[in-house]
Amino acid sequence: MSASAVRGTTSEGVSRRRFLAGTSSILGAAALTGLAAPTPARAAAARPIADGARVPVLVIGSGYGGSVAALRLAEAGVDVQLVEMGMAWDTPGSDGRIFANTTSPDQRSYWLRTRTKQPISNFLGFPIDKNVPRYTGILDAEEFGGIIVYQGRGVGGGSLVNGGMAVTPRRENFAAILPSVDAAEMYGTYYPRANAGLGVNTIDPAWFETAECYQYARVGRKHAQRSGFGFVFVPDVYDWEYMKQEAAGTVPKSALAGEILYGNNHGKKSLQQTYLARAKATGRVTISPLHRVTSVAPAAGGGYRVTLDQLTTGGDTSATKEVTADKVFFAAGSVGTSKLLVKLKSTGALPGLNGEIGKGWGDNGNVMCGRANHMWDATGKLQSSIPTAGIDNWAAGGAFAEVAPLPTGIETYASFYLSITKNPHRAEFTWNAAAGRAELSWQTAWKQASIDAAKTIFDKINAKEGTIYRTDLFGTYKIWGDHLTYHPLGGAVLGRATDNYGRLHGHPGLYVIDGALIPGNTSVNPFVTITALAERNIEKIVAADL
């Protein structure tokens with residue numbers, strides 16, 4: 001970092017405050033339109049954050065909220081330090097690929113585990129987990145008392161490991177998702193801005209009808225419609241033209257090679273290709289991978305003293321750093337942000353945080369199941385790992401179900417689903433001082449509400465088709481994948497733990513800008529809503545707080 005950046009000045013020596021004040025009209029327009037404001041031409045710093053640095057803004061986490069914050073702050077002329085606990089994921093392994101294949105997990109696949117923890121634990125009656133070397137891999141299967149939470153670890157956060165289903169909730173459902181937020185603003189401005197920034201697009205319906213790799217989805221459609229359910233195409237962030245070339249055999253296969261759970265090597269537009277690429281291009285964003293924040297506390301001279309551990313790929317601490325930041329944005333994901341905040345409140349580092357910290361956490365109603373089809377309803381040996389459609393029974397039964405792939409490379413005659421349901425239960429993070437860790441009060445029994453909602457779809461389909469549930473995917477004779485979530489939400493809820501724009505109560509200059517703001521459920525896959533809310537909040541913060 002340059003000396004001028006440490007002092008909070010431009011390269012010409014003008015104070016940051018005067019620089020922003022003198023260009024407010026340009027920067028305001030940039031914030032409103034999403035276009036980059038003019039910034040001094042310079043290369044983005046490659047070195048990680050230095051011990052003892054003083055920085056204008058520190059963003060903790062590089063997922064959807066953190067990436068939006070970094071980009072928009074940089075466009076407003078602010079130097080940003082973005083720290084990420086996971087790796088950069090920009091260097092191929094010995095096999096020439098950055099990411100491991102879903103069917104062949106290796107050390108790259110899991111965050112500091114010595115054995116895989118795959119969402120589908122069994123197949124055809126056999127357990128499929130295996131031993132792997134301990135490594136700072138891409139997928140964290142974090143176990144709490146009643147649930148496993150799957151999270152992306154690396155620069156790009158959850159965008160590295162999700163299926164890319166970029167779903168905007170139905171407007172009539174929005175009041176139940178974020179009751180304090182103006183729906184007209186979200187649907188008129190911020191959802192469109194998020195979709196544009198993420199590169200959201202929709203599959204070519206004509207190609208879908210003939211593509212071998214979506215036979216499984218067409219079978220899912222037939223069964224849904226025969227039982228009277230609405231079947232909807234949903235947008236995605238995959239490059240569909242690339243997938244067509246995969247099918248034609250003219251480019252390296254990615255979605256058609258089953259890549260999804262442990263990263264996608266080619267076609268998916270993760271945050272690395274969208275928001276983060278644009279943020280780095282400003283020259284004002286420095287990204288420090290393998291840095292874990294352990295403390296944030298008020299600094300004697302103003303701002304906040306932040307303590308970080310620099311990690312090795314084995315998970316050990318190679319250095320401990322202390323930096324001072326004028327403003328700090330918590331964007332470590334719902335779980336990461338919530339765990340850190342309850343620790344900081346309980347240990348007295350941030351005593352002004354209110355009693356809402358840690359509350360309102362939910363699993364987005366996630367539950368999985370499989371159905372065993374008849375032999376005449378083969379789902380295909382070749383299955384694209386990118387889902388593109390769902391069954392919408394939210395209004396009548398409280399469930400939206402992705403028609404998901406089982407990209408095993410063999411014919412399974414199985415339909416597989418990830419359901420998002422209207423589950424009312426909310427858990428709380430608390431700090432266990434004796435154990436030195438955050439704990440979550442989720443109870444596995446609460447998943448029954450999700451199972452009941454999902455059954456409103458699949459019991460009816462099974463009755464119509466004369467089919468049964470698969471019992472070999474989640475253990476011995478176990479129908480429901482009720483032990484996990486891919487979509488953690490809440491823990492620092494908007495309008496409760498924070499004001500209506502993510503400012504934490506009790507400590508000016510601290511913000512939450514990720515999925516922790518959303519109380520437990522979005523009715524669909526949540527990342528577009530997280531992105532749109534971040535766009536809304538950072539626009540206000542740039543205008544009012546800088």
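Two strands count as paired if DSSP finds at least two bridges between them. In this predicted model, strand β14 (residues 399–404) and strand β15 (residues 414–421) run antiparallel and are joined by six bridges. One of the residues involved is A399, whose bridge partner in β15 is T421.

β14 and β15 belong to an open sheet of six strands with antiparallel pairing, in the order β7-β13-β14-β15-β12-β18. Its edge strands, β7 (230–233) and β18 (468–469), each pair on one side only.

## Helices lying across the six strands

Helix α8 (residues 215–226) lies across β7, β12 (367–372), β13 (389–393), β14 and β15. The direction of α8 is at about 150 degrees to β7.

Helix α13 (residues 448–465) lies across β12, β13, β14, β15 and β18. Relative to β12, α13 runs at about 10 degrees.

## The three-stranded sheet

A further open sheet has three strands in the order β5-β6-β19, and its pairing is mixed. β5 (139–143) and β19 are the edge strands with a single partner each, so one side of each has no neighbour in the sheet.

Strand β6 (residues 148–152) pairs with β19 in the parallel sense, over two bridges. Within this pairing, V149 has T485 of β19 as its bridge partner.

## The β9–β10 hairpin

Strands β9 (residues 291–298) and β10 (residues 304–311) run antiparallel and are joined by seven bridges. V296 stands opposite V306 in β10. Five residues separate the strands of this hairpin, in which G302 takes a positive phi near 100 degrees.

## Helix α6

Helix α6 (residues 183–198) has a kink of about 35 degrees at Y190, shortly before the proline P192. The N-terminal end of α6 is capped by D182, which places a side-chain oxygen 2.8 Å from the backbone nitrogen of A184. Just after the helix, G199 takes a positive phi of about 75 degrees.

Y190, the site of the kink, is among the buried residues of α6.

## Salt bridges

The model contains 30 salt bridges. One of them joins R284 to D79, with the closest N and O atoms 3.1 Å apart. This pair links distant parts of the chain, 205 residues apart: R284 is in the loop between α10 (275–281) and β8 (285–288), and D79 is in the loop between α4 (64–75) and β2 (80–83). Both R284 and D79 are buried.

R503 forms a salt bridge with D545, the closest N and O atoms being 2.9 Å apart. Here too the pair links distant parts of the chain, 42 residues apart, with R503 in the loop between β19 (484–485) and β20 (510–512) and D545 in helix α14 (residues 527–545). D545 has a relative accessible area of 23%. Buried residues must fall under 20%, so D545 is classed as partly exposed.

## A salt-bridge network

D95 and R97 meet through their side chains in a salt bridge of 3.1 Å, N to O. The two residues are part of a network of salt bridges that also links D106, R108 and E259.

Are D95 and R97 buried, partly exposed or exposed? D95 has a relative accessible area of 37%, and R97 has 29%. Partly exposed covers the range between the buried limit of 20% and the exposed limit of 50%, so D95 is partly exposed, and so is R97.

Note on methods
Residues are numbered from 1 along each chain as its sequence is written. This is a predicted model: local features need pLDDT of at least 70, side-chain atom pairs count only at pLDDT 80 or more; totals for chains, interfaces and linings use all residues. Side-chain values use heavy atoms; hydrogens and water are left out. The bend at a residue is the angle between axes fitted to the seven residues ending there and the seven starting there. Helices (H or I, at least four residues) and strands (E, at least two) are DSSP runs, numbered from the N terminus. Buried means under 20% relative accessible area, exposed over 50%, partly exposed in between (1.4 Å probe, protein chains only). A polar contact is a pair of N or O atoms within 3.5 Å; within protein, one must be able to donate a hydrogen and the other to accept it, and residues adjacent in sequence count only if both atoms are side-chain atoms. A salt bridge is a side-chain nitrogen of Lys or Arg within 4 Å of a carboxyl oxygen of Asp or Glu. Contact means heavy atoms within 4.5 Å. Axes are lines fitted to C-alpha atoms, for helices over the stretch in contact, and angles run from 0 to 180 degrees between N-to-C directions.
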